[in-house]
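Work through the exercises below with the structure open beside you. Try each task before you read its solution.

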Amino acid sequence: MIITKFGGTSVQDAAAIERLVRIVAARQKEAPVVVVSALAKVTDALVQLAESVRQGRSAEVEATIQTIEDRHKALAAELPGGTDALPALEERFEGLRQLLRPSIGQPLTPGQRDALLGQGELWSSAIVAAVMRGKGLPAEWVDARTVIVTDDRHGRANPISAEIRTRANEVLAPLLSSGRIPVTQGFIGATASGRPTILGRGGSDFTASLLGAALDAVRVEIWTDVDGLMTADPRIVPSARTLASATYDEAAELATFGAKVLHPATQLPLAAAGIPIIILNAQRPDGGGTIIGPTRSSAMRADGPIGSISWKRGITLINVRAPRMLGAYGFLRQLFEVFERHEISVDVLASSEVSVSLTIEDRSRLEDLVRELEPLGEVTVDERRAIIAIVGHGMQSTPGLAARVFGASQPANIEVISQGASAINLTFVVHEDDGPGVVQRLHQAFFGT
Ligand code: ADP
Ligand code: ASP
Ligand code: MG
């Protein structure tokens, strides 16, 4: 069996859904499971809706729900078979109004917020399943919350793989063996007791890989709006090239440091079993795409030391200067305990004789962090930073690479430099405003365009 996952732009309108149906139909013999995201921009609109609810703007809440409802119904009505989804859509939008009305003027609880943010996938999948049936395919709508079991960490729940494997084999495997095509939602799950959760933004890719691992898929296809994993974000570097292949760890590093095309956890469930991920462009289904697996094809390796350059803005840099403490036993443990207590992950870390610098993305606990770090040394905070990551297996064996990287980054001021132990990445921090320029200059230096 295979997993075919379609992102927001790949279900965003009638033409996109028609393409999806053709892609899935061409794979029917391979027993596909279809995983879909919400229509493009819908999850963002739901995040905004949660905010309008909190601020007590009831007219705005009603208007937003109506706009989203109209968009989905118009899309369903435009496609053959789509009208079969209308009763389910009506019911779900009514349920949403009932969920939100009592909360107007208050913040949603984390559980309510997850239930709200996950609606987009429920709507899109209802339409996709109906249209597939309208086109004669044996589609079967499956509620992902009956399969993707997670803990109760709302906002970014952790999947429970053993439970998912059991449920996938109970719920999805029988459909596949009887020749049907399950159509389910990315991004959403539920706790063992059935409370809705989400896997974090961009989490539909992760759903695809969790299901791929649970069902021992032969491959996981991620259908999106670009030709594959590229040498840089094509929105920053329009001349970026598509990589024919990348390794799991390269893809994970790039995704962690901003390559939005893949959720950073996607490779985790698949790497142990060696199940390949293929990133493909739904608008050009016959293009080659990028294959992500245990090794890179030799053709790519010959191409140069660097696979790709990514960047992530909105980063906060924290520096702790502790001239006497740093060498002292237990200092780093105390430092990390502060971050652990607040469940804030550190992305880039560098230390010198007298100071430690580290970056975080989540600023929600910044004041608490600083207050608790102050007993350890003098703390300074620099906001609006960006991490630049240069990733590739060839880097290990290329002398002088760092000098080329820093030379090409000029005149941006480089603040923290870190090279992972695996040596497949070199990361550094610059001011956010310098980020795009640095990425463009590095791309020019290493890829010639
Ligand atoms: P989907 O909705 O299909 O999940 P996303 O918007 O999450 O799609 O991810 C696709 C986008 O990722 C592309 O449109 C592209 O702008 C961006 N992107 C960032 N870095 C890269 C990269 N290195 N290679 C390809 N795409 C990238
Ligand atoms: N719809 C969700 C989001 O926008 C999940 C996804 O698209 O992967 O974050
Ligand atoms: Mg995505």
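Predicted model: local features only at pLDDT ≥ 70, side-chain atom pairs only at ≥ 80, totals over all residues.

Residues are numbered from 1 along each chain as its sequence is written, chains are lettered from A and ligands numbered from 1 in the order written, and side-chain values use heavy atoms, without hydrogens and water.

**Exercise 1.** Find the residues that surround ligand 2, and its polar contacts.

Solution. 
- Start with the shell (a heavy atom within 4 Å). Ser-37, Thr-43, Glu-121, Phe-187, Arg-201, Gly-202, Gly-203 and Ser-204 surround ligand 2.
- Sort them by class. One is nonpolar, five are polar and two are charged. Gly counts as polar here.
- Look for polar contacts (N or O atoms within 3.5 Å). A polar side-chain atom of Arg-201 is 2.6 Å from an oxygen atom of ligand 2. Ser-37 places a polar side-chain atom 3.3 Å from a ligand oxygen.
- Finish with cover. On its own, ligand 2 has 270 Å² of accessible area (Shrake-Rupley method, 1.4 Å probe). The protein covers 85% of that.

**Exercise 2.** Which residues come nearest to ligand 1?

Solution. 
- Of 17 residues around ligand 1, the nearest are Thr-224, Asp-225, Asp-233, Arg-235 and Lys-260.
- The shell holds eight nonpolar, four polar and five charged residues.
- Now check its oxygen atoms. One lies 2.9 Å from a polar side-chain atom of Asp-225. A polar side-chain atom of Lys-5 lies 3.2 Å from an oxygen atom of the ligand. Val-261 uses a polar backbone atom, at 3.3 Å from a ligand oxygen.
- The protein covers 91% of the 570 Å² of accessible area that ligand 1 has on its own.

**Exercise 3.** How many aromatic pairs are there?

Solution. 
- Apply the rule: ring centres of Phe, Tyr or Trp (its six-membered ring) within 6.5 Å; planes under 30 degrees apart are stacked, over 60 edge-to-face, the rest tilted.
- The count is three.
- Phe-6 and Trp-223 are stacked, with 6.1 Å between centres and 10° between planes.
- Phe-6 is in strand 1 (residues 2-6) and Trp-223 in strand 8 (residues 219-224), 217 residues apart. Strands are DSSP runs (E, at least two residues), numbered from the N terminus.

Notes: Polar contact = N/O pair within 3.5 Å; in protein donor to acceptor, adjacent residues only side chain to side chain. Helix = DSSP H or I, 4+ residues; strand = E, 2+ residues; numbered from the N terminus.
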